[in-house]
Amino acid sequence: MTEFYSFGRGAVPPPSDDANWVNILVEDFDDGYGSFNGAPGYDVIYKNTAFDRNGLIRIQDGRGTNVTTGDKSSISAVNIPLHTFHSKFRIIFSFYAIFDADDRFCLDYSVGGGITWIEQKCWRGHEDFPNNMWVDDFQYEFWTSNTDKLSIRLRCAADSNFDDIYIDKVNLQGWTNTPFSVFPLFN
Ligand SMILES: [Ca+2]
Ligand SMILES: [Ca+2]
Ligand SMILES: [Ca+2]
């Protein structure tokens, strides 16, 4: 299921020690794509189970190599409700890759409501993460212009052989100058 968070009443503290990080989106894909969109087909499929986990999206192939044309081999969450402005985000996710050494897995983002993907970061299989095993709570921080409209995309930029990546869960957090702890939880 998807859970969206906001400040204040009923909000759930972030898993981090750092009270400045606030959960924006937590998706485990147990009920399907949740808050993410894919182009279901050859390169994007939903899996009930894989490698002893439940609820995953598998993306594959090299049609995601280019940031402009990469939608077919990716999943995205578009215009995630932020409730307030942020300029610093952190993504924490779990995945299992079956990659060759030069295959890449990328994070793109877009701000301001329209969709103009910016390639923020690509990780290389074997070099930046281990292959053929679960990589849990992989964390990455990134800055954007100050925005209350954020979209994110995870994109497979591999070739067409040994090119599968299974995404089990995704957590997006925003950094705030006002630590979470100052907000009354129950009032
Ligand atoms: Ca899952
Ligand atoms: Ca490959
Ligand atoms: Ca494949």
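Guide: We will go from confidence to strands, then to pairing and the core.

Visitor: Where should I start?

Guide: Start with confidence, as this is a predicted model. The protein averages a pLDDT of 87. A score of at least 70 is reached by 85% of the residues.

Visitor: Over which residues is the pLDDT below 50?

Guide: Over residues 6-11. This stretch still has eight contacts in the model beyond near neighbours in sequence.

Visitor: How many helices and strands are there?

Guide: Zero helices and 10 strands. Read from the N terminus, the elements run β-β-β-β-β-β-β-β-β-β.

Visitor: How do I read a hairpin?

Guide: Thr49 has Asn54 in strand 5 as its bridge partner. Two residues lie between the strands of this hairpin. Phe51 sits in the turn, with a positive phi of about 50°.

Visitor: Which strands pair with strand 6?

Guide: Take strand 3 (residues 37-38) to begin with. It pairs with strand 6 in the antiparallel sense over two bridges. There, Asn37 has Ser76 as its bridge partner. Strand 9 also pairs with strand 6, antiparallel, over 15 bridges. Phe89 stands opposite Phe142 of strand 9. Strand 10 runs antiparallel to strand 6 too, with 11 bridges joining them. In that pairing, Tyr96 has Tyr166 as its partner.

Visitor: Where do the side chains go?

Guide: In a regular strand, they alternate between the two faces of the sheet.

Visitor: What should I look for inside?

Guide: Nonpolar side chains tend to be buried together in soluble globular proteins. In this protein, buried residues make up 36% of the 187 residues. The largest nonpolar core has 34 residues. Ile57, Ile75, Ile165, Ile167 and Leu172 touch the most other members. Several strands each supply at least two core residues, among them strand 2 (21-27), strand 7 (104-111) and strand 10 (163-175). Strand 6 gives the largest share, nine residues.

Visitor: What does Ile75 touch?

Guide: Leave out residues up to four places away in sequence. Then Ile75 touches Phe36, Asn37, Gly38, Val44, Ile57, Ile59, Leu154 and Ile167.

Visitor: What share of contacts joins residues at least 24 apart?

Guide: Count contacts between residues at least 6 apart in sequence. Of these, 73% join residues at least 24 apart.

Key
Residues numbered from 1 in each chain as written. Chains lettered and ligands numbered in written order. Predicted model: local features only at pLDDT ≥ 70, side-chain atom pairs only at ≥ 80, totals over all residues. pLDDT = per-residue confidence, 0-100. Contact = placed C-beta atoms within 7 Å. Pairing = 2+ DSSP bridges. Helix = DSSP H or I, 4+ residues; strand = E, 2+ residues; numbered from the N terminus. Buried ≥ 20, exposed ≤ 12 C-beta atoms within 10 Å, placed from the backbone. Core = buried A, V, L, I, M, F, W, Y, C linked by C-beta atoms within 7 Å.
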